[in-house]
Every structure is written in structure tokens, then in C-alpha cells.
Amino acid sequence: MSPAMNVAALKAQSAEKVGAFKNAFTSRQNFMDYVTVQDTALDRHSGSNKVWSNEDLDPTPPEKRTWRWWNFVTFYLGLSFGNWTLGSSMVGIGLNWWQAIIVIFVSQLISSIAMYFNSRCASVYHIGYPVVARSVFGMYGSYYFVGARAALAIIWYGVQRKWSSSLLSAHGNTLCFLARTGRSKSHSILRSILSLATFC
């Protein structure tokens, strides 16, 4: 195809689009037809292999929105188990107890504001992070951020398990029968394994 024919084809396509745009404002039905998306990524990928939509990715239906304020409180208390040591860590680096409280309060206030804005989309539209990421990075671009979040979750829960099992192991050192059997390395390892298994 010659360059002149390419230019002519582009002009014809442009004229057609301009005509369709002008026609959209002639009636309400024409406008609705113009703004209706005929072919989406979900339409192109529908079928037995539902990559783009499934029960976990769809908006949560009203009958499944059963969480109340105490569910969120207990969820975040359990999620922030590592933060329970913030005060002692800050006192350990040289802050007074009241300075540690102020620093923790201010930092949690700032992070809470960021979390509020970050969770606004999910609380209004009842969709999860993978779906929100699609609106910003596209269908395929969101895979990277979902993978990065999955890797972060693995590391985070690994740290949580380490902290929690260490706590149980420390309590087990004074309460468990293993504490009476001596302090050999094998007993210490066994106590750590039992603590980790108990927490899991």
C-alpha cells in the first residue's frame, strides 16, 4: 500500500470517528451506544480459563460483607504483632518512654492517613488490590505488583512467625517441661521447633 493510500485511509478513519462523535450527541440512545464498550479484555478472555475474573477478584456481594468494627480491630492487632516491640526498641536506642510514645503515635497517625486513602477504593467498590492495580497499570502490568506484594507477604509473615515463635519459645523456657531437662543445644532446637509449630 502506497503512502498516499495510507494517508487516505487514516483520513477516512478520522472522519468516521469524528462523525460518530458528532452523532453521539444527537440523541440519548446514540450517546449510550457511543459510550458503551463493545469489546473488553474480559470479553476477549472469557471462557473456561477465567484469568481476569473469578470469585476472589469480583466485587464482594452485599451478603458477604459481614465484617464489623471488632473484626477489623482484631485483624489489625494480629497483623501488627511486630509493632508490639516498637516501644521497647525505641527505649533501647536511647529514647525516654514518653518520647517513644510520641514517636509511635505520630508515625502511626501518618501511616493511618496513608492507609485510609489507599483503602478508599476497596471500601467503596469492594474490590481487592489486584483489581485496583489493573486500573493503574493495566491488565498485564498489574502482574508485577501482585507478585511484588506476594513476595512481601511471604517475607512479612516469615518475620511474624519468627517473632511469635521466639516469644512462645521464651515462655516455654520457663513454663514447659523442656526447661527442666537442661539447656543443651538439642533441647533448645526442639523447643524452637515446637514453638514454631504451635504458632503455625
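These are my notebook entries on a predicted model of one protein chain.

**Entry 1: the whole chain.** I began with the secondary structure. The chain holds 8 helices and 0 strands. Following the sequence, I wrote the pattern down as α-α-α-α-α-α-α-α. I then looked up burial, and found that 12% of the 200 residues count as buried.

**Entry 2: the recorded spans.** I consulted the UniProt entry, which is unreviewed; under "transmembrane region" it lists residues 67-86, 98-117 and 137-159. I checked two of these spans against the model. Residues 98-117 are 100% helix and 0% strand, and the C-alpha atoms at the ends of this span lie 29 Å apart. For residues 137-159 I again noted 100% helix and 0% strand, with 29 Å between the end C-alpha atoms.

**Entry 3: helix H6.** Helix H6 covers residues 97-125. I asked how far H6 reaches from its first C-alpha to its last. The distance is 42 Å for 29 residues, close to the 42 Å expected at 1.5 Å a residue. I also looked for a bend, and recorded one of about 45° at serine 119.

**Entry 4: a nonpolar patch.** On the surface I found a nonpolar patch whose members include Val91, Trp97, Trp98, Phe105, Ile113, Tyr116 and Phe117. Together, the residues of the patch have about 1300 Å² of accessible area. Which helix gives the most to this patch? Helix H6 does, with 11 residues.

**Entry 5: after H6.** I moved on to histidine 126, which follows H6 and sits in the loop between H6 and H7. Its phi is near 60°, a positive value in a residue other than glycine. Is histidine 126 buried or partly exposed? Its relative accessible area is 25%, so histidine 126 is partly exposed.

**Entry 6: helix H7.** Helix H7 covers residues 129-175, and methionine 139 has its place there. I looked up the accessibility of methionine 139: the relative accessible area is 24%, and therefore this residue is partly exposed. I then asked how far the C-alpha atom of methionine 139 is from that of tryptophan 52. The two residues are 87 residues apart along the chain, while their C-alpha atoms are separated by 8.0 Å.

How values were computed
Residues are numbered from 1 along each chain as its sequence is written. This is a predicted model: local features need pLDDT of at least 70, side-chain atom pairs count only at pLDDT 80 or more; totals for chains, interfaces and linings use all residues. Side-chain values use heavy atoms; hydrogens and water are left out. UniProt positions are given in the numbering used here, feature names are shortened, and annotations may be inferred rather than shown by experiment. Helices (H or I, at least four residues) and strands (E, at least two) are DSSP runs, numbered from the N terminus. Patches are made of residues with over 30% relative accessible area and no salt bridge: like charges are joined within 9 Å, nonpolar side chains (Val, Leu, Ile, Met, Phe, Trp, Tyr) within 5 Å. Accessible areas come from the Shrake-Rupley method with a 1.4 Å probe; for residues, only the protein chains shown count as cover. A salt bridge is a side-chain nitrogen of Lys or Arg within 4 Å of a carboxyl oxygen of Asp or Glu. The expected span of a helix is 1.5 Å times one less than its number of residues. The bend at a residue is the angle between axes fitted to the seven residues ending there and the seven starting there. Buried means under 20% relative accessible area, exposed over 50%, partly exposed in between (1.4 Å probe, protein chains only).
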